[in-house]
Amino acid sequence: MKLLNTTPRKDGFRMPGEFEPHEGCWILWPERPDNWRLGAKPAQTAFVKVAEAILQFEPVTVGVSARQYDNAVASLPAGVRVVEISNDDSWVRDCGPTFVKNDAGVIRGVDWEFNAWGGLVDGLYFPWNQDDLVAHKICEIERKDSYRTDGFVLEGGSIHTDGEGTLFTTEECLLSEGRNPHMNKEEIEETLKEYLGVQKIIWLKRGIYNDETNGHVDNILCVVKPGTIMLAWTDDKNDPQYEISAENLKLLEDATDANGRKLEIIKMPLPRPVLITKEESGGVDAIEGTLPRMEGDRLAASYVNFYIANGGIVFPLLDDATDKQAEELLKKAFPGRKTVGVSAREILLGGGNIHCITQQQPK
Ligand code: KQY
């Protein structure tokens, strides 16, 4: 397939909202024992549940290494397409392509440079060269032409769009030392506009407390529909998250989107703090260069890290005390979609959640 040397904006392409129709969903199979406990077996079970849930609504493809191919095929439902894709870990939201679309319905991929959330500055593992090839391989499998952004690092989890010209992101991530330190904020804005076909960027300050991605936006906010967003929230003033969410709320209340609209903001309460147990910490192989999982560390748990499928919302179950309330809010926000909760602690233990392990391919 062609590697294009123009940009999506020049060619009339834009990133659709996640709520627009999908061709299907991509997932990568987890296996690395220095990120997933007990040789990734519990995580694999959780990923299968996510794949099953999404499969109710749209086709699912799972990319898997040669080592794990037979196991993935045996574990996943027969309706899932399983293809061999080498990778360094299983976060296709971040290393996969961001698909863009034009008015004629043609789909292309944006293949961002990937450096494992901060490269040698504060990246989460080394090396990441196989992850960096994933977007290109997916575009080849799907026969989609693509744009490559060599020299510009970005992960899909650090952006959300309304599909109508507005992009949401965080300064904590996009201005971090480990991403694009050679560029200033204006240059980064211009690059986002060029590759995503958006006209306005709304910058939040910080993401979820203790998020190892340097505050990915997809863990603190999601776009419900143009003009409506959902923000992760806590009323507990003693929680370090309070100040972060309150600062973002003020920014969002004062903002207008690319179409000049004020935003409707739905507050999504956090679960109670989720901490790594001794047993969970002990199940992870300690390797120098990979972020350790320490007993007592607070995980970046948030209900806004869900996947919008065709006709469905697949969301993380995180806390018996708050899951029901989260589901009610999702039902109200997405009246035409069926909500499916999946137990997500094992995904969270790896550092992300359901949105981070999925990537939609627009129709
Ligand atoms: O949250 C994400 N988008 C990815 C998290 C990566 C964690 C790697 N250990």
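**The ligand shell and the aromatic residues**

Guide: The shell around the ligand comprises 4 nonpolar, 6 polar and 3 charged residues; Ala, Val, Leu, Ile, Met, Phe, Trp, Tyr, Cys and Pro are counted as nonpolar, Asp, Glu, Lys and Arg as charged, and the others, Gly among them, as polar. This is a predicted model, in which local features need pLDDT of at least 70 and side-chain atom pairs pLDDT 80 or more, while totals for chains, interfaces and linings use all residues. Residues are numbered from 1 along each chain as its sequence is written, and side-chain values use heavy atoms, without hydrogens and water.

Visitor: How many residues surround the ligand, and which are the closest?

Guide: A residue is near a molecule if one of its heavy atoms lies within 4 Å of it. Here 13 residues surround the ligand, the closest being Asn35, Asp94, Glu212, Gly350 and Cys356.

Visitor: Which atom of Gly350 lies 2.9 Å from a nitrogen atom of the ligand?

Guide: A polar contact is a pair of N or O atoms within 3.5 Å. For Gly350 a backbone N or O atom lies 2.9 Å from a ligand nitrogen. The side chain of Asn35 places an N or O atom 3.2 Å from a nitrogen of the ligand, and a polar side-chain atom of His216 is 3.3 Å from a ligand nitrogen. The protein covers 98% of the 300 Å² of accessible area that the ligand has on its own (Shrake-Rupley method, 1.4 Å probe).

Visitor: How many aromatic pairs does the structure hold?

Guide: Rings of Phe, Tyr and Trp (its six-membered ring) pair if their centres lie within 6.5 Å; planes under 30 degrees apart are stacked, over 60 edge-to-face, and the rest tilted. The structure holds 9 such pairs. Trp117 and Tyr125 form an edge-to-face pair, 5.6 Å centre to centre with 85° between the planes.

Visitor: Is Trp117 buried or exposed?

Guide: Buried means under 20% relative accessible area, exposed over 50%, and partly exposed in between (1.4 Å probe, protein chains only). Trp117 counts as buried because its relative accessibility is 3%; Tyr125, at 4%, is also buried.

Visitor: What is the phi of Trp117?

Guide: Most residues other than glycine have a negative phi, and most peptide bonds are trans. Trp117, although not a glycine, has a positive phi of about 65°. Asn214 likewise has a positive phi of about 65°. A cis peptide bond, with omega about -5°, joins Phe126 and Pro127.

Technical notes:
A polar contact is a pair of N or O atoms within 3.5 Å; within protein, one must be able to donate a hydrogen and the other to accept it, and residues adjacent in sequence count only if both atoms are side-chain atoms.
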